[in-house]
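The following exercises, each with a worked solution, concern the structure shown below.

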Amino acid sequence: MNLTLYVWRQASAASAGRLSRYEAADLSPDMSFLELLDVVNERLTRQGEAPIAFDHDCREGICGSCGLMINGVAHGPLKATATCQLHLRSFRDGATIYIEPWRARAFPVLRDLVVDRTAFDRIIAAGGFVGVSTGSAPDANSLPVPKTDADLAMDAAQCIGCGACVAACPNASAMLFTAAKVGHLALLPQGQPERMRRALGMVQQMDAEGFGGCTWHGECMEACPKEISIDWIARLYRDYIRASATRPERVAVEVAL
Amino acid sequence: MNRLLACWDSTLGKKAVMGATGLLMIAWVVLHVAGNLQAFRGAAAFNGYSGLLHGPLHEALILMRLVLLGCLLLHVTASLQLARRNRLARPEPYARTEPQAATMASRTIRLGGWVLLTFVVLHLLHLTTGQIHPDFVEADAYHNLVVGLAQPLAAAGYLVAMVSIGLHVYHGAWSSWRSLGLAQGSSRPLERPLAAALAVLVWLGFSLIPVAVLLGWLE
Ligand code: FES
């Protein structure tokens with residue numbers, strides 16, 4: 001099959017970018033979307049041009065490295081699928097495909113399709129963890145967790161931090177990511193001691209990074225390769241409001257920027 | 001105080017305030033619909049209802065107006081501040097975007113807010129204080145209503161504004177509930193039968209009056 005691509009090319013964070021047109025011919029419908037870019041890049045390299053830079057690692061939908069805006073949809077047209085798991089059979093032969101990087105002030109473009117997502121790391125560092133005592137390993141199942149809570153926590157813990165929620169949100173909001181990262185710990189006994197501080201700290205960091213706010217369009221949930229529900233955002237509101245109203249522990253969160 | 005300010009400063013705090021004030025205003029709107037429908041019981045009943053509000057319930061009316069004004073100020077302030085943050089959050093737009101879940105109501109919520117704000121000002125000048133009413137008679141609410149809505153332009157304006165309020169309630173009632181963290185888990189979180197019913201009730205309930213006046217059912 002043949003495709004016409006419009007790919008965002010930008011030499012560096014400081015330079016201006018633009019969409020460049022590429023013709024990709026003789027493709028197999030069973031190629032993955034990233035293999036399509038590999039094929040184009042081989043040709044560009046042979047022609048002495050700079051290859052298209054894009055993020056990828058596991059290529060099996062579990063690491064969260066990949067992420068492209070494909071024809072205006074984060075991770076492309078297939079639901080619950082990361083870009084690396086998308087195949088060319090999801091497109092018509094002869095189709096035109098626009099490929100753009102995630103766009104958000106908090107995710108500056110580093111080069112071509114690669115954006116800096118360390119804002120997510122800083123949100124995690126502001127509370128997305130649990131304190132444990134080191135030493136000998138605790139006995140398995142020494143802390144009972146109801147099965148329904150464990151299942152629910154796992155739904156949110158599936159977040160791979162790809163940033164599609166931010167990319168798809170008309171407000172470039174990081175609410176779904178933050179909500180998933182706050183929410184899965186809030187359901188488990190290990191997450192209770194820091195629960196209120198976590199909600200306050202991670203929300204504060206999320207705002208400081210310059211993400212927008214939630215207006216409940218629901219775009220994040222549709223874009224999420226792990227189908228994380230916007231119900232987690234309602235849970236985040238619940239924890240945040242409760243933490244703001246009670247503030248049971250002194251909070252000294254440093255905003256790392 | 002400090003923690004309240006920190007909460008108000010966050011995107012979540014502002015949305016929670018918008019949610020709380022939004023729900024209060026929706027509750028009032030439902031009362032307003034119920035009040036309006038008294039018009040179908042005739043001039044005496046409608047003026048009686050109006051006289052009740054302006055007579056024995058006068059203090060309550062003033063208090064309610066103050067609460068509503070406070071809600072409106074908070075709601076609009078928060079929305080303006082959030083809209084600004086949201087605009088700044090994506091300085092470079094996409095060449096292409098294909099919305100997957102956003103509804104017409106969610107995408108026009110800000111525009112609809114402006115429409116409603118304009119409407120509220122005109123509506124107060126029209127039927128509450130009478131400055132832009134062709135023949136305003138103090139203490140004859142029924143007369144003011146029927147004469148005011150007999151002008152086709154005014155009636156059309158009301159009908160457009162009521163579509164706007166319906167859309168605002170459809171997205172707003174549902175999202176307010178969520179922004180207050182009250183929503184429970186659901187397998188189809190985008191569905192909102194209650195908000196839809198409320199939106200239709202408000203839209204139809206309000207639109208019935210100008211339509212009835214135009215058709216000559218109320219005179
Ligand atoms: S490359 Fe790891 S999720 Fe796509």
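**Exercise 1.** Locate Ser65(A) among the secondary structure elements, and decide whether this residue is buried or exposed.

*Solution.* Step 1: in this predicted model, Ser65(A) belongs to the loop that runs between α1 and β3 of chain A. Step 2: the relative accessibility of Ser65(A) is 18%. Buried means under 20%, so Ser65(A) counts as buried. Step 3: once neighbours within four places in sequence are set aside, the contacts of Ser65(A) are Asp55(A), His56(A), Asp57(A) and Arg117(A).

**Exercise 2.** Determine the strand order of the open sheet in chain A, and identify the strands that stand at its edges.

*Solution.* Step 1: the open sheet consists of five strands in the order β2-β1-β5-β3-β4 (chain A), with mixed pairing. Step 2: the edge positions are held by β2 (18-24) and β4 (73-74) of chain A. Each has a single partner strand, and therefore one side of each lacks a neighbour in the sheet. Step 3: within the sheet, β3 (residues 69-70) and β5 (residues 96-100) of chain A run antiparallel and are joined by two bridges. Met69(A) has Glu100(A) as its bridge partner in β5(A). Step 4: helix α1 (residues 33-46) of chain A lies across β1 (3-9), β2, β3 and β5 of that chain, and runs at about 90° to β2(A).

**Exercise 3.** Classify His184(A) by its relative accessible area and list the residues that it touches.

*Solution.* Step 1: His184(A) sits in helix α5 (residues 175-186) of chain A. Step 2: its relative accessible area is 19%, so His184(A) is buried. Step 3: not counting residues up to four places away in sequence, His184(A) touches Ala153(A), Ala156(A), Ala157(A) and Trp232(A).

**Exercise 4.** Describe the second largest pocket by its volume, its lining and the helices that supply this lining.

*Solution.* Step 1: the volume of the second largest pocket is about 440 Å³. Step 2: 20 residues line this pocket, and Ala173(B), Trp174(B), Trp177(B), Leu194(B) and Ala195(B) are the closest to its centre. Step 3: α2 (11-36), α8 (152-179) and α9 (193-214) of chain B each contribute at least two lining residues. Step 4: by type, the lining comprises 13 nonpolar, three polar and four charged residues.

**Exercise 5.** Decide whether Val160(B) is buried or exposed, and state the separation of its C-alpha atom from that of Ser207(B).

*Solution.* Step 1: Val160(B) is part of helix α8 of chain B. Step 2: its relative accessibility is 54%, so Val160(B) counts as exposed. Step 3: Val160(B) and Ser207(B) are 47 residues apart along the chain, and their C-alpha atoms are separated by 9.2 Å.

Terms used:
Residues are numbered from 1 along each chain as its sequence is written. Chains are lettered from A and ligands numbered from 1 in the order in which they are written. This is a predicted model: local features need pLDDT of at least 70, side-chain atom pairs count only at pLDDT 80 or more; totals for chains, interfaces and linings use all residues. Side-chain values use heavy atoms; hydrogens and water are left out. On a 1 Å grid over the protein atoms alone, a cavity is a set of points where a 1.4 Å probe fits but cannot get out, and a pocket is an open set with protein on both sides within 12 Å along at least five of seven lines; lining residues have an atom within 4 Å of a point. Grid points are joined across faces, edges and corners, and a volume is the space filled by probe spheres set on the points. Helices (H or I, at least four residues) and strands (E, at least two) are DSSP runs, numbered from the N terminus. Ala, Val, Leu, Ile, Met, Phe, Trp, Tyr, Cys and Pro count as nonpolar, Asp, Glu, Lys and Arg as charged, and the others, Gly among them, as polar. Two strands pair if DSSP finds at least two bridges between them. Contact means heavy atoms within 4.5 Å. Axes are lines fitted to C-alpha atoms, for helices over the stretch in contact, and angles run from 0 to 180 degrees between N-to-C directions. Buried means under 20% relative accessible area, exposed over 50%, partly exposed in between (1.4 Å probe, protein chains only).
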